[in-house]
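Student: I would like to learn how to read a protein model step by step. Could we begin with how far to trust it, and then go through its parts?

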Amino acid sequence: MSAVYIALVALFSVAAQWLAWIFKVPAILFLLVTGLLLGPGFNVIDPDALFGDLLFPIISLAVAVILFEGALTLHFRELKGLEKVVRNLCSIGMLASFVVIGCAAYFVLGLDWRVAAVLGAVLVVTGPTVIAPLLNAMRPHKDIDKVLRWEGIVIDPIGALFAVLVFEAVMLTGQESIFNHTLGALFMTLVVGLSLGLFAGWFTSLLIRRQWLPYELHKFGILALVLATFSVSNYLSHESGLLAVTVFGIWLANQDDLEIDAVLEFKEDLSMILISSLFILLAARLHVDDIKQLGANVLIFMAFVLFVARPLSILLSTFGSDLNYRARALLSWIAPRGIVAAAVGSVFALSMVKAGVPTSEKLVPLIFTVIIVTVVLQSLTAVPLTKLLKLRQPEPATVLIIGANHVAREVAKGLKDIGVSVYLSDPAWENCKMARMDGFPCYYGNPQSEHAERYLPLTDISKVLGLSPNRLYNALGIQHFAHLIGEDKVFSLKSSDVHAKANKDSATFLSRQNLFAQDATFARLSGVIAKGGKVSATRIADAFTWEDYLEVNKDAIPLFIWRQQKFIEPVQIGGEQKPEEGDSVIALQPPKMSILKESQVNQAAT
């Protein structure tokens, strides 16, 4: 029957992620509800009985992989370029939250001081998995979006590392009362964790650079090294493994000459599987009696978490900044806790219970209480509060182009010339490099990945254009963004009829291939541009009508209509769009148009 229960967890994990995708809320919300229903709700799954003595090792290894994946996103060059507010939030703000939550847990809830300290350390972490969906729904001003998004990215590994160090310190103190011995043991833990993490990073870099590990084994090989590093580090010094894998990930993330994008993508997928399954199992371990025994004082504790710890952190972190009181008020409210807090806290709780630390059995129920309250409360109130404070961005106006090839760059130049904000994306580094040299921001990677969710300006995107020569790459991107921003705001180039017939393309796939003219395939656009064709805008006026434009520009390929210089409207296959007086037509002009004819068009338009 064990296999049936494991399959059931996998099935419900997918269902929870799917519901989160449908309702555009953090997946942790549905995972939490699913776990509570399967565990204390209907007693379908008992993780302790299901896994027995393997439960603790499974949770520990899963947390190690999750932290390693988070550390892979922490680049020192990006950390140095962060705004002062974000740096403060991940340093003095984090410490302020730790002190307030720890003291509240000790004095209000009466927890053992070691449990209170660990609880305070664990609850400083927010994380991008809960922040990103909120920001996409809120669409706050760019400065607020940047602060919250980057805080979630950076504090994920840093906060987890801080929690590991606090846990090590309090556990060593609990085992030995002699201060010097405790300090020495903590030093040993730091040395082992740091040394093994750095060695694992250096060794992995060597394997990849010298091609001792074939490319097809990069993903599995690095996963095996992560698990081995974690296990060996714990064997040499108790509970130093999480520190080791975090350092391991940070080392790899900051090696600019390493090609680890495929590894990162694999780790993102693996982390999603682990997070989904792990959160259901952890929630299923909760018991109603565990939450009831927290007592009414937990409400006072939550008040400290929501109305003292976070506002104090923001007050200290934004001191001297240009943020107004409304922005600080919104920042003071948005701090949902996520899977890292639940997973890391559960690992610590198991160790503390096993060590006989008083009140340690309350650690997990308290962490889940904070997660439930912050995620539910802030998911429901984030958008209304953003509107109330008048901090919601106007309608998105950035065009995301899937592809940064020469066709995409030429189209982007035409849009940029009329003042439209453009963002490009491409998995080929050479294309991204050329786009950046032309002055365009370009995301290097797959725009539908979890990594892109952290780095792309999703709240600014109004339209998505699939201009990649890879038809499937266009299709995947368009399908992803159709759900996020709406079916009527995604467009893709038309594939050749031969490809469509040979691959038996679906009606949905074909309906989204609606950009420009019937014969405006990537090959045709590329040919025109290769011969010197340029994208330019022509204004329609009373003296130069749409009919006049078509007569003069018989060989041009209309791409967009710039409506009254306010918004662009892509020309669609079979569409009946017609520019009116005051509109502008953005088109790909063939190179054979003479300079004289072009000047005549511009003169007439003027």
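Tutor: Let us start with confidence, since this is a predicted model. The mean pLDDT of the chain is 83, and 91% of its residues reach 70 or more.

Student: Where in the chain is confidence lowest, and where is it highest?

Tutor: The lowest confidence falls in helix α28 (residues 595-605), with a mean of 48, whereas helix α7 (residues 92-107) has the highest, at 95. Over residues 594-598 the pLDDT stays under 50, and for that stretch the model has 2 contacts beyond four places in sequence.

Student: Is Ser-421 buried, partly exposed or exposed?

Tutor: Ser-421, which is found in strand β2 (residues 421-426), has 38% relative accessibility and therefore counts as partly exposed. Not counting residues up to four places away in sequence, Ser-421 touches Ala-397, Thr-398 and Val-399, and a polar contact of 3.1 Å joins its side chain to that of Thr-398.

Student: How do I read a nonpolar core, and which residues have the most contacts inside the largest one?

Tutor: In soluble globular proteins, nonpolar side chains tend to be buried together. Here the largest nonpolar core has 136 residues, and those with the most contacts inside it are Phe-301 and Phe-348. Helix α10 (residues 142-175) gives this core its largest share, 15 residues. Leaving aside neighbours within four places in sequence, Phe-348 is in contact with Val-118, Val-122, Ala-163, Val-164, Phe-167, Leu-242 and Leu-363. There is also a second, separate core of 34 residues, which includes Cys-432, Phe-522, Ile-557 and Leu-559.

Student: How many salt bridges does the structure hold, and how should I read them?

Tutor: Side chains of opposite charge can pair when their charged atoms come close. The structure holds 10 salt bridges, and one of them joins the side chains of Arg-285 and Asp-48 at 3.2 Å, N to O. Arg-285 lies in the loop between α14 (261-284) and α15 (288-292) while Asp-48 lies in helix α3 (residues 47-51), so this pair ties together parts that are 237 residues apart in sequence. Arg-285 is partly exposed, with a relative accessible area of 22%, and Asp-48 is partly exposed at 35%.

Student: What separates Arg-149 and Asp-145 in helix α10?

Tutor: Arg-149 and Asp-145 are 4 residues apart in helix α10, which means that about one helical turn separates them. Their side chains meet in a salt bridge of 3.2 Å, N to O, and both residues are buried. Another salt bridge, of 2.8 Å, N to O, brings together Arg-310 and Glu-151. Because Arg-310 lies in helix α16 (residues 297-317) and Glu-151 in helix α10, that pair ties together parts 159 residues apart in sequence. Arg-310 and Glu-151 are buried. Finally, salt bridges that share partners join Arg-409, Lys-413 and Asp-438 into one network.

Note on methods. Residues numbered from 1 in each chain as written. Predicted model: local features only at pLDDT ≥ 70, side-chain atom pairs only at ≥ 80, totals over all residues. Heavy atoms only, no water. pLDDT = per-residue confidence, 0-100. Helix = DSSP H or I, 4+ residues; strand = E, 2+ residues; numbered from the N terminus. Contact = heavy atoms within 4.5 Å. Buried < 20%, exposed > 50% of the residue type's maximum accessible area, 1.4 Å probe, protein only. Polar contact = N/O pair within 3.5 Å; in protein donor to acceptor, adjacent residues only side chain to side chain. Core = buried A, V, L, I, M, F, W, Y, C linked by side-chain atoms within 4.5 Å. Salt bridge = Lys/Arg side-chain N within 4 Å of Asp/Glu carboxyl O.
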